[in-house]
Amino acid sequence: MATETEKMIIAASRLLPEDGAVYVGTGMPLLASVLALKTHAPDLLLVYEGGGVGGKPTGRLPIQVSESLTYENGVTVGSMDYVMSLAQAGWIQYGFLGGAQIDAYGNLNTTVIGDWEHPKVRLPGSGGGADIASLCEKNIIIMRQDRRKFVEQLDFLTSPGYFTGPGEREKRGLPANTGPYRVITQIGIYGFHPETKRMTLLELFQGQTLDAVQENSSFAIDIADDWKYAEEPTEEELETLHALDRDGIVLG
Amino acid sequence: MTTVKENTFLYGWEHPDKMREYRKNNKSMAKKDKRTTLKEAVARGVKEGDYIVFGGMGSVRNPIAAVHEIIRQGIGNLTIGTKGSQHDWQLLAAAGNVTNAEVSYGFADEVRGLSLPARRAVESGRLKVLSETTNAAFQWRFTAAAKGLPFYPTRSSLGTDTLTYSGSKTIIDPFTKEPIELLPACYPDVAIIHVHRADKYGNCQIDGNIAEDIEIAHAAKFVIITAEQIVPDEVIESDPAQTKIPYFTVDAVVEVPYGSHPNQVPRLYSFDEDHWQEWLDASITEETTEEYLDKYIYSSNDFYDYLEKIGGVRVLRQLENIEKKLAPYPTVARRRG
């Protein structure tokens, strides 16, 4: 039986195209992207905030988005300016995001829990998160799901989802036809309804229930009419995944 | 969208003409030997209350030796720009030298976990977050400064709280007639950048990613270079295309081998995972954090002293071998508890 973390990473990996570019962070996004590279997407271009483009790391996975492995066997290496400009100019279709809180429209908080002036918990901040959320075409959000994380109202809107519905990104000046694409949690895979831009269940992981979807969210989640169970990870995917993270840095 | 907000969250900005004047009066094209000691460079360049930024990104190619020296000299009340910053500024936060921060990324070490000393500092009120921003926005604030412009436009982060709590302003772009964000130029008082090699005048070569170091060097009022190696003039002159930072932006040059330890310098040496684990374990409580600072920084005469304490040549050579893949990578250090 695959673990929840394994299922989440493999589901993310399957979303990545055979040839496209993806903005990756360390941890689960990187494992998902390199897994895609090693399985169905040999021409997937990995882009890192530190400036690395197209690296194909060997031996171990990068633990920092600016370290030398991010451009090992790569295409080019430049600056923050270069890679962020690539995203702003539309070269990078996919991005990965996570967060401490998410709302029904895929807006994310990675800044503070509580009041900004006197935070209860200080989180890392935007980093490149708000940039990726703004500038990449399709963003994949990976995070664990519970009622504290899936909230009606964010404590702080760090990175843009669809704000309050369709057309709201464009109204604020963000590039057209961009936004959150999928949310992957330990329970299932969600998309955003084309008319409401609200989070909608598309696939449920085996062993999970439709009740769990709602029980673990403070906002109402729609269920797609044609929802289905996610395909189980294959042996090949699991083996490749574990070979990439032998020390269990991400997989545990 | 038509109302432009007040400058509540604006820091580090100057009128471009003021900075043209500053450069005229303070920077020079004279090729002077700028080599000095780390102690002298920090004493001369870093003043109480300064706005400071460090080169490199995350925990890669950061001027850790200079950070130690700032801590030893007790220079306080610093404002830091945490532009995707990790270990460098978190050490300063742990030691209490920074009291204000403009934050894009600042309270974690990526896969290693959240930074407890930096979080304790802000949650206890010892450190005030002045403003929020993003990694791209910080880069482009330095880009504006380097280009002699008052601002740099971007389509990133429009409509977010991140921008509400930043110094930027939204206007209507006269071309598209749509909203666009103007990021204010940022001129730090002092920048410290660690490079692979430099000549005695301050011309610098950096291998691998350059993060936003070129722009920072051109934006900051005072620039300290710490270099793994000071090289003969011919090394720079024979390949000018490799010069990422030109000498006329630089005020002081110091040779500091292994100056980024325990962080990585690409192609030279790896992260020191054993030392990282020691720091992460120590950083869990205030008391053990203080013990770490005492053992490795306050009681060290200089960075050479520190390098002996972490294991000397034997450990440093091993880190070089790991980076060259001549030795296996050890277990990655992570926060425990």
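In chain B, 76% of the contacts with a separation of 6 or more are between residues 24 or more positions apart; two residues are in contact when their C-beta atoms, placed from the backbone, lie within 7 Å. This is a predicted model, in which local features need pLDDT of at least 70, side-chain atom pairs count only at pLDDT 80 or more, and totals for chains, interfaces and linings use all residues. Residues are numbered from 1 along each chain as its sequence is written, while chains are lettered from A and ligands numbered from 1 in the order in which they are written.

**Confidence**
- Chain B has a mean pLDDT of 96, with 99% of its residues at 70 or more; pLDDT is the predictor's confidence in each residue, from 0 to 100.
- For the model, ipTM is 0.96 and pTM is 0.97.

**Overall form**
- Along the principal axes, the C-alpha atoms of chain B fill a box of roughly 60 × 50 × 35 Å.
- Some 54% of the 337 residues of chain B are buried (20 or more other C-beta atoms within 10 Å of a residue's own, with C-beta atoms placed from the backbone).

**Cores**
- The largest nonpolar core has 159 residues, and those touching the most other members include V22(A), Y23(A), L92(B) and I225(B). Such a core is a set of buried Ala, Val, Leu, Ile, Met, Phe, Trp, Tyr and Cys residues joined through C-beta atoms within 7 Å.
- A second, separate core has 5 residues, among them F271(B), W279(B), A282(B) and A333(B).
- Beyond its neighbours within four places in sequence, I225(B) contacts I193(B), V195(B), A198(B), G202(B), C204(B), V250(B) and V253(B).

Terms used
Buried ≥ 20, exposed ≤ 12 C-beta atoms within 10 Å, placed from the backbone.
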